[in-house]
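Colleague: I would like to go through this model with you. Could you take my questions one at a time?

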Amino acid sequence: MPTRRNFILSMSALGVSSAAWACPVPMRPEINAHSVLMLNAACGDSNNPNVFEPAISHVEIGDSITFIPTDSGHNAASKRGMIPAGAMPWNGAIDEEITVEFRVPGIYGYICLPHYEMGMVGLVVVGGDLSNLDAVKKLRHPGSARKAFRSLLKQLQA
Ligand SMILES: [Cu+2]
C-alpha cells in the first residue's frame, strides 16, 4: 500500500525525469516483435538530433521490425551494399510506418534518406550473424553518416 509520502515522491520523480517521457516506446499489441522509433531527437538528449531508437536491433531469423514515424520527416530504407547477399532491400516513404521481415541472417545497415548525411543511420543484426561485417564496413558514407556507422559497427564488435 503506497503511503501518501511515497506517492508525492514518485510524482516528483516523474517531473524530474520528464525527458524520458518524450520518447515512449509504443506498447501496441499488434506490434509483438520489435519496433524502431524515428525521432527528431534522442531520448532525453536534445543535442543528439535525428535518430533511430534503438540504433542497433538484434532479432532472430524470421522476426520483423516495425519502423514507426514517431516524429515526422523521417523514413527507413536499407542501404545498398549493407545488407546480406540474397536479402530483400526495403525503402519506406517519408512518415510511413513500415514493417520489415528479416529472413536472411547477417548485418543490415539502414538510413533515413533526409538525414543520412547528418548521421541518422541504424543497424539490424539477424540471427547473431556478423559474417558480412567486412563488406558492410567497406562502404563509404557522406558527412556524419561515416562516423555514425563506424560507431555502431564498433559496438557490434565489442
Ligand atoms: Cu530522419
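Colleague: How many bridges join strand 4 to strand 6?

Modeller: This is a predicted model, and in it strand 4 and strand 6 are joined by 4 bridges and run antiparallel.

Colleague: Which residues of strand 6 lie on its covered face, and which on the uncovered one?

Modeller: In strand 6, residues 98-101, Ile98 and Val100 form the covered face, while Thr99 and Glu101 form the uncovered one.

Colleague: What joins the side chains of threonine 66 and threonine 99?

Modeller: A polar contact of 2.8 Å joins those two side chains, threonine 66 and threonine 99. Threonine 66 belongs to strand 4.

Colleague: Is threonine 66 buried or exposed?

Modeller: Threonine 66 counts as buried because its relative accessible area is 6%, and the cut-off for buried is under 20%.

Colleague: What does strand 1 pair with?

Modeller: Strand 1, residues 34-42, pairs with strand 4 in the parallel sense over 4 bridges. Strand 1 also pairs with strand 2, residues 45-53, in the antiparallel sense over 5 bridges. For valine 36, the bridge partner in strand 4 is phenylalanine 67. Leucine 37 stands opposite glutamate 53 in strand 2.

Colleague: Let us change topic to the metal. Which residues coordinate the copper ion?

Modeller: The copper ion is coordinated by His74 through ND1, Cys112 through SG, His115 through ND1 and Met120 through SD, at 2.0 to 2.4 Å. Along the chain, these donors follow the spacing H-x37-C-x2-H-x4-M. Histidine 74 and methionine 120 link distant parts of the chain, 46 residues apart. Histidine 74 is in the loop between strand 4 (64-68) and strand 5 (77-78), and methionine 120 is in the loop between strand 7 (106-111) and strand 8.

Colleague: Why is the arrangement around the copper ion called tetrahedral?

Modeller: The 4 donor atoms subtend angles of 93 to 132° at the copper ion, so the arrangement is tetrahedral. The criterion for four donors is that all angles lie between 85 and 135 degrees.

Colleague: Are histidine 74 and methionine 120 buried or exposed?

Modeller: Histidine 74 is buried, with a relative accessible area of 0%. Methionine 120 also counts as buried, at 1% relative accessibility.

Colleague: On to the open sheet: in what order do its strands come?

Modeller: The open sheet has 4 strands in the order 3-8-7-5, with mixed pairing. Its edge strands are strand 3 (56-59) and strand 5, each of which pairs on one side only. Strand 5 and strand 7 run antiparallel and are joined by 2 bridges. Serine 78 has tyrosine 110 in strand 7 as its bridge partner.

Colleague: Which helix packs on that sheet?

Modeller: Helix 3, residues 143-157, packs on the sheet and touches strand 3, strand 7 and strand 8. The direction of helix 3 makes about 30° with that of strand 8.

Colleague: Where is asparagine 132 found?

Modeller: Asparagine 132 is in the loop between strand 8 (121-126) and helix 2 (133-138). With a relative accessible area of 12%, asparagine 132 is buried.

Colleague: What does the side chain of asparagine 132 reach?

Modeller: The side chain reaches the backbone nitrogen of isoleucine 107 at 2.8 Å. Not counting residues up to four places away in sequence, asparagine 132 touches Ile83, Pro84, Gly106 and Ile107.

Colleague: Finally, the whole chain. How many helices and strands are there?

Modeller: The chain has 3 helices and 8 strands, in the pattern α-β-β-β-β-β-β-β-β-α-α along the sequence. Of its 158 residues, 39% are buried. Among contacts with a separation of 6 or more, 64% are between residues 24 or more positions apart.

Definitions and conventions. Residues numbered from 1 in each chain as written. Predicted model: local features only at pLDDT ≥ 70, side-chain atom pairs only at ≥ 80, totals over all residues. Heavy atoms only, no water. Buried < 20%, exposed > 50% of the residue type's maximum accessible area, 1.4 Å probe, protein only. Polar contact = N/O pair within 3.5 Å; in protein donor to acceptor, adjacent residues only side chain to side chain. Contact = heavy atoms within 4.5 Å. Donors = N, O, S within 2.8 Å, 3.2 Å for Na, K, Ca; no water. Tetrahedral: all angles 85-135°; square planar, octahedral: opposite > 155°, others 65-115°. Pairing = 2+ DSSP bridges. Axes fitted to C-alpha atoms, helices over the stretch in contact; angles between N-to-C directions.
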